[in-house]
Amino acid sequence: MKNAVDEKYLISPFLIVPLMYVSMVGVGVLNFQRELAEHAGYNAYISVILVGISLHFIIWMIYKILSSNQAGLDITVINNACFGKIAGNIINLAIVLYFFFGAYIEYKAYIEVIRVWLFPAMKILPISVVLVSFIYYTVSGGFRTVTGLCFLGFLMTLIFIIPENLSLLPYLHPLNLMPLLNHSITDILLSSKSMLYQFLGFEALLLFYPFIKSPEKSQKWAHSMVFFVTLLYLMVLIVTFMYFSEGQLREISWPTLNMLKIIETPVFQRVEYLAISLWLLKNLSGICLSLWAACRGMKSVVLQIKPRMSLLAFLVGFLILECFLKDRSSFRWMAEFYSDVGLYFIYGYIPLMFIATQLRKTWNKG
Amino acid sequence: MTSEFKNLGELLQLSRQSSDFKTTVILLGKQEVSIFYYSTLIDAKWMQQHLILVLQNRSLDSEIKDIEDIKAWIPINDVEITDEITTIQSKLLKGYAIVQLHENDQKCLLVNLADNHGLRENNDTENEFSVVGPKIGFVEDLDTNIGLLRKLLNIPNLIIKEIIVGTNSKTKVAIIYINGVTNEQNIQTLEKRLTEIDYDVVFDSSLLDQMISDNSFTPFPLFVSTERRDRVVYSLTSGQVAVVSDGSPYIVTGPATLYDFFISAEDYYLPWILGSFFRLIRIFGVIFSMFASALYVAITTYHYEVIPKDLLSPLIFSRQYVPFPPFFEVLFLEITIEFLREAGARLPTKIGQTLGIVGGIVIGEAAVQAALTSNILLILVALSALASFTTPIYKMSNTIRFLRFPIIILSALWGGIGIFIGVGFLFVHLIRLRSLGSPYVVPIFPLRIMEFSDSFIRSSFQILNKRPQRLRPKSSVKYLPKKAVKQKNNLDEE
Amino acid sequence: MYRWKTFSVIILFAVLSACSDQRIVNQICLVHAISFDTVSNGKKTAVLISHFKEQGKTELQILHTVSNSNISLPRLNTMTNDPLERGQISMVLFGKTSAEKGTGTVLHHFLRDPKFSSRIQLAVADRDASELLEITKKTQEPFYLSDMIEQNMRSGNLPLMNLHVSLFNYYGEGRDMFLPYLRIEHGEVIIDGLALFRRDRKITEISMKDAFLLKMLIQNSKNGSLMVPLAGKASNKPSEDFILLRSMHSKANYIVSTVNPVPSISIRLKLVTELQNVPEWVDLRSEEQLTQLEKALSSYFRTEIEKFLSLLKKNKVDPVGLGDLVRGRSREWNAQDFEKIYQRIKTTVSVQVKIASTGSA
């Protein structure tokens with residue numbers, strides 16, 4: 001059994017706010033509207049609400065799982081305790097890989113945005129090297145540094161999301177949302193699945209939980225963050241639906257960025273260029289958080305690799321994937337596979353763990 | 001501290017090799033007394049009047065039996081009898097004279113005759129000027145400086161600890177703090193770091209500042225060094241530790257945070273609304289100064305789409321005949337400005353002023369005429385240079401001017417993305433920095449909402465009565481604010 | 001130390017092979033306006049480009065080419081010394097023929113390409129669009145046409161339009177696109193109303209007066225102004241007298257009362273106006289006369305809007321978005337069915353005019 005984390009590395013419970021925000025608002029917020037509308041049309045906002053509500057239960061379960069252990073340990077230790085050394089380590093490795101690929105997909109999706117919107121002929125390798133060294137610098141600074149970057153990403157993106165939506169007001173057509181409920185339940189559930197994909201990443205909580213000072217105080221922040229992010233997605237989605245007509249939305253790849261094209265400021269005629277650049281910070285902080293979680297997970301897998309070594313290995317993996325994974329279809333396949341795994345992770349694994357830990361608890365008592 | 005000399009004789013023998021080491025032998029009654037000293041370190045007139053004349057007069061009517069007698073006769077208070085060779089050596093080099101009764105006596109008398117010549121009289125704050133408030137600054141003498149502090153902090157709790165640093169200079173370095181306010185841990189860390197320094201000559205507090213800093217791979221100063229008395233006293237009362245070395249007009253205070261460098265003493269002398277406004281102006285100036293020219297490079301090289309259409313024609317026109325890409329254009333101008341600043345700092349004041357005019361007006365105008373730069377860029381670069389000088393602490397304004405260059409390079413590589421890569425690196429670097437073990441960007445991260453009251457803004461004194469918690473002071477309340485005077489000035493006093 | 005060396009080598013390598021997408025602002029050729037015409041031997045694309053020579057003076061130049069594809073910037077690129085860049089386009093003009101043959105492919109291109117701003121202005125010319133570009137050349141202002149249209153939307157009768165609004169109308173079901181209609185008069189370009197489209201084809205055009213009515217129907221018609229003929233006291237002289245009024249505020253309310261089988265919609269309009277010019281005999285101080293005037297104006301607007309709506313129905317175009325209104329009310333709405341019944345839908349109009357200020361009159 002490991003010792004709990006040293007006092008000086010802990011973060012205050014409030015700082016879970018930027019961490020949750022960054023992990024739940026991915027690069028998907030730039031284009032999730034289209035996928036959602038594919039199934040449920042303009043009723044897709046119901047899916048957002050459904051997923052939001054279900055996540056509250058999941059967060060509650062996560063806190064139950066993690067607090068079942070007095071020492072405040074992370075999920076890897078609980079896995080080992082529940083399933084034994086070997087099976088537990090296999091699950092841990094799977095979790096590590098899950099976070100690694102989550103980070104990579106986030107990264108790749110952002111590079112895609114840059115290529116389409118800013119630099120169509122950009123060479124990927126040089127910027128990857130610089131970004132990867134930035135990630136190394138951040139993650140090697142430890143969890144506090146990662147949290148700091150997340151905080152910056154949180155502030156920077158929040159600053160422009162609200163004014164963006166306000167300045168769209170003259171172009172909104174509330175009538176687009178009518179008629180209410182003209183899609184079937186299956187359509188809405190299908191949309192919910194692609195909505196869940198946007199939220200994926202908050203499971204990092206399973207690993208950074210021991211780093212929170214008095215974690216039980218952070219639960220209310222975690223719940224309010226799920227609520228806030230759901231609200232945020234809902235707002236962006238509804239504004240998008242009111243801004244675009246359905247036929248128009250079907251043709252657009254990045255609706256959120258497309259909405260930015262209407263905003264003009266005295267200094268910048270095209271705000272989306274600023275927004276994409278600003279989004280870099282938010283995006284990198286999400287990647288750093290996932291990679292940190294992966295490194296932390298590696299620590300307790302069989303080999304006991306030093307986190308710094310595994311970080312280096314992950315980053316080299318990034319560059320290698322970057323070199324070999326060039327076609328879009330295999331990336332899309334990877335993203336779909338990731339979102340399927342995420343679905344089972346959230347709605348399968350976590351409830352399972354919840355039941356297992358609760359049983360163990362009563363067992364130990366009795 | 002050990003000495004390489006076994007006895008006094010050996011020390012004197014080595015010292016005699018210097019031409020300014022003098023030996024005076026005076027006859028007191030029947031006794032021959034030798035006085036050894038460095039003539040360059042002592043006040044000769046003082047010695048004549050208060051040592052030699054006094055001894056000669058007294059010896060007329062009494063006899064010297066012991067060295068203790070001489071000690072009683074001399075009307076100087078800093079007199080000591082010792083046979084410790086190390087003490088003798090160090091005091092001799094500080095301007096003491098050795099009085100030896102008999103030859104080969106190990107016990108001798110040390111008389112302080114040190115002369116303070118070579119110090120400047122003027123103690124105006126020349127480099128950190130303020131319009132309102134006192135203009136008292138420090139000078140190159142430790143005792144004067146500590147005296148200045150004592151005059152303003154009239155409490156016995158002001159503790160001064162002396163440490164000797166420097167293998168060759170043996171400089172006295174003082175750690176200053178207020179007992180019962182400053183956290184002991186900070187004092188201990190500082191003391192430990194100071195005693196661990198191994199360096200030959202300590203020229204200035206700024207050297208110490210770098211040697212005790214937590215991270216040497218950073219362009220940021222991790223301690224505030226200031227020549228203003230009010231600033232140091234304010235830091236001390238809020239729970240910081242100060243360090244000063246003998247011979248330095250700068251006092252170093254810590255643990256510092258980033259925003260400490262953007263505070264001017266004047267903020268507290270002006271009404272808080274104005275003080276806050278000026279602080280915000282300064283912070284805006286820093287942001288502008290770091291990113292203005294990088295933004296120019298990014299926009300003109302990559303993102304022509306974002307140029308507002310009314311600005312398009314002036315911008316393109318001004319760059320029309322410039323043969324270089326914007327990156328080289330900016331680099332050329334930025335380096336010119338740095339030349340000007342560097343030359344101005346090295347030259348005497350009067351020539352420096354002329355240089356400013358030549359540089360600013362003639363070179364700038366000519367560069368635009370010769371189509372080496374565009375005039376819009378000239379304005380931007382000049383403004384950002386100006387903005388960087390609004391930072392009250394000189395070391396920080398240098399850092400800000402330096403940081404511009406990596407950001408310009410990044411923006412030349414990847415446009416807007418590059419700028420934000422720069423911002424990211426900068427921010428992560430700042431988060432990782434520690435000053436005396438406490439975080440450097442404190443009110444922002446870790447977030448301390450309460451401490452915003454005295455960082456980006458300067459709130460009224462009714463709110464500022466608590467010491468900042470980040471310093472973990474032993475007593476947190478500074479003073480009890482009077483309740484705000486409720487004014488009944490509405491509607492003719494009712 | 002070794003680690004630092006490898007690190008700096010990696011960074012250096014990254015720096016040396018940096019971004020190749022440089023578009024230095026004075027080494028590109030900015031396109032400010034583009035026009036599309038259909039000519040006998042293909043499709044003609046013309047672009048308005050600028051050369052910034054002296055302070056405040058901009059030399060404009062027009063390049064054109066004829067090819068089979070709709071957007072032939074690569075072909076035009078062979079005519080310039082600097083690469084053509086489309087990121088600062090602010091005006092898209094369709095010629096008469098090309099607007100009538102269909103603008104769909106061009107619109108689709110403008111929707112997909114992230115380079116284009118959503119604030120681009122689109123317009124239809126009454127002849128070859130490249131002729132209009134020729135005329136704007138002499139103004140030496142690269143944004144002349146788009147500024148002209150924008151100015152008329154802010155302080156004139158044109159409803160809010162730009163690339164986004166047009167695409168919204170074009171792709172949206174139950175509504176049709178409309179664009180400003182430009183004409184040449186005495187060698188100058190003037191805006192002469194709106195061109196109405198069915199899907200991507202221009203059907204008809206309406207006058208500036210009708211444009212004001214449309215503006216009232218779809219948004220707040222603030223700042224639009226209109227000459228209203230007044231049945232004078234001496235009623236034997238038919239409408240010699242005019243009132244010039246300026247809209248200060250207006251709001252349209254739509255109530256869909258029945259949906260099936262034929263929808264009926266009642267439109268309630270509120271208009272707050274300022275009188276700018278009235279005939280001499282109208283006494284503005286008299287309450288009675290003002291109420292009478294308000295009544296007269298209300299009935300005038302009602303008949304005009306009814307006329308305007310029947311014009312739309314006759315032409316089977318729907319710039320107001322009546323189809324969309326009905327779609328919001330029924331779950332089984334579909335565009336084809338609605339098109340069939342569009343001409344038969346009932347619309348009742350009621351207008352309430354309020355004179356808020358008699359202003360300078």
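**Exercise 1. Determine how much area domain 1 of chain C and domain 2 of chain C bury between them, and which residues of domain 1 lose the most.**

Step 1. In this predicted model, the two domains of chain C bury about 2,100 Å² between them, with 56% of it on carbon and sulfur atoms. Buried area is the accessible area (1.4 Å probe) that two parts lose on being put together, summed over both.

Step 2. On the side of domain 1 of chain C, Asn157(C), Gly174(C) and Ile206(C) lose the most area to domain 2 of chain C, together 30% of what that side buries.

Step 3. The domain assignment places residues 1-206 of chain C in domain 1 and residues 207-361 in domain 2; such bounds come from an automatic or database assignment.

The model is predicted: local features need pLDDT of at least 70, side-chain atom pairs count only at pLDDT 80 or more, and totals for chains, interfaces and linings use all residues. Residues are numbered from 1 along each chain as its sequence is written, chains are lettered from A and ligands numbered from 1 in the order in which they are written, and side-chain values use heavy atoms, with hydrogens and water left out.

**Exercise 2. Describe the contacts between domain 1 of chain C and domain 2 of chain C.**

Step 1. Contact (heavy atoms within 4.5 Å) joins 24 residues of domain 1 of chain C to 28 residues of domain 2 of chain C.

Step 2. Two salt bridges are counted between these domains; a salt bridge is a side-chain nitrogen of Lys or Arg within 4 Å of a carboxyl oxygen of Asp or Glu. The side chains of Arg175(C) and Asp324(C) form a salt bridge at 2.9 Å, N to O.

Step 3. By class, the side of domain 1 of chain C that touches domain 2 of chain C holds eleven nonpolar, seven polar and six charged residues. Here Ala, Val, Leu, Ile, Met, Phe, Trp, Tyr, Cys and Pro count as nonpolar, Asp, Glu, Lys and Arg as charged, and the others, Gly among them, as polar.

**Exercise 3. Characterise the interface of chain A and chain B.**

Step 1. Chain A gives 37 residues to the contact and chain B gives 28 residues.

Step 2. About 2,900 Å² is buried between chain A and chain B, and carbon and sulfur atoms give 79% of this area.

Step 3. The count of salt bridges between chain A and chain B is zero.

Step 4. The side of chain A that touches chain B has 26 nonpolar, nine polar and two charged residues.
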